[in-house]
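User: I'd like to learn how to read features off a model like this one. Could you take me through it step by step?

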Amino acid sequence: MATRRRDPLVKSKGSLVSNPWRRWKAAMRLGIRKLYRLRASPHEIALGCALGAFASVTPLLGIQTLMAVALAMVLRASVPAAIVGTFLGNPLSWPFIWASTYAMGLHIVGFEGVFDPTAIERNMLHLWAAVLERSPNIMDATAALLWPLLWPMLAGSIPIGLLTAAIVYYISRNAVRAWRDRSMSGISSAPAE
């Protein structure tokens, strides 16, 4: 009779964890265990996590994971670890990431601030008119509205992303090494039968 693997997200035989936070915590623990058990060196796993963290700091929602995967493939890092690293950017952390990248970008680019209410109102009206008319100028209107915000955020995401990637690399490399050392010492100290 074949044995079935027990789902780590199931609390006991047949009953699901009723608390969503405990289920989320169990899923995170399972994901971290799978990350530690990847067949890659601690450097490759840590580099993948760092590249994912770097990509998650950019304001380019929707392509952060693709960017992390592409960077991981180019730099020969762990692609699954890069995908996990992108989870650093999430709806809870985005306000802090965006505010810090925008503030840093203003210093880098040299803008004094782009929140001119009349310009934003004019650009919003231009965008709305382009949407209603189904005009080919919709991309121009969108760029006119978003570029003054996106440009400083892109510029500021580079130094903040590099700092974040360095921190994530150091932490994840040491965590993977410690996990593997602990696993190997448990295997070597097990009594032989």
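Analyst: Let's start with Trp98, which is partly exposed, its relative accessible area being 29%. The scale runs like this: buried is under 20% relative accessible area, exposed is over 50%, and partly exposed is in between, using a 1.4 Å probe and protein chains only. One caution before we go on: this is a predicted model, so local features need pLDDT of at least 70 and side-chain atom pairs count only at pLDDT 80 or more, while totals for chains, interfaces and linings use all residues. Residues are numbered from 1 along each chain as its sequence is written, and side-chain values use heavy atoms, leaving out hydrogens and water.

User: How are Trp94 and Trp98 arranged, and why does the pair count as stacked?

Analyst: The general idea first: a pair of aromatic rings is described by the distance of the centres and the angle of the planes. The rule takes rings of Phe, Tyr and Trp (its six-membered ring) as paired if their centres lie within 6.5 Å; planes under 30 degrees apart are stacked, over 60 edge-to-face, and the rest tilted. That rule finds one aromatic pair here. The ring centres of Trp94 and Trp98 are 5.6 Å apart and the planes meet at 5°, so the pair is stacked. Both belong to helix α5 (residues 94–109), four residues apart, which puts about one helical turn between them.

User: Which residues make up the largest nonpolar core?

Analyst: As background, nonpolar side chains tend to be buried together in soluble globular proteins. A nonpolar core here is a set of buried Ala, Val, Leu, Ile, Met, Phe, Trp, Tyr and Cys residues joined through side-chain atoms within 4.5 Å. The largest one has 12 residues: Ala46, Leu47, Ala50, Leu51, Phe54, Ala55, Ala68, Ala72, Ala77, Ala82, Ala165 and Tyr169. Two or more of these residues come from each of α2 (42–57), α3 (64–74) and α7 (138–188), and α2 gives the most, with six. Apart from this core lies another, of six residues, including Leu35, Ala40, Ile45 and Ala81.

User: What is Ala82 in contact with, beyond its neighbours within four places in sequence?

Analyst: Contact means heavy atoms within 4.5 Å. With those neighbours left aside, Ala82 meets Gly48, Cys49, Gly52, Ala68 and Ala72.

User: Is Val57 buried or exposed?

Analyst: Val57 counts as buried, because its relative accessibility is 2%. It sits in helix α2, and leaving out neighbours within four places in sequence, Val57 is in contact with Ile97, Thr101, Ser157, Ile160, Gly161 and Thr164. Follow that to Thr164 in helix α7, which is also buried at 18%. As for Val57 and Leu88, they are 31 residues apart in sequence and 8.1 Å apart in space, C-alpha to C-alpha.

User: Where does Gln64 sit, and what does Gln64 touch?

Analyst: Gln64 is in helix α3 and is buried, at 6% relative accessible area. Not counting residues up to four places away in sequence, Gln64 touches Ala55, Ser56, Thr58, Thr86 and Trp94.
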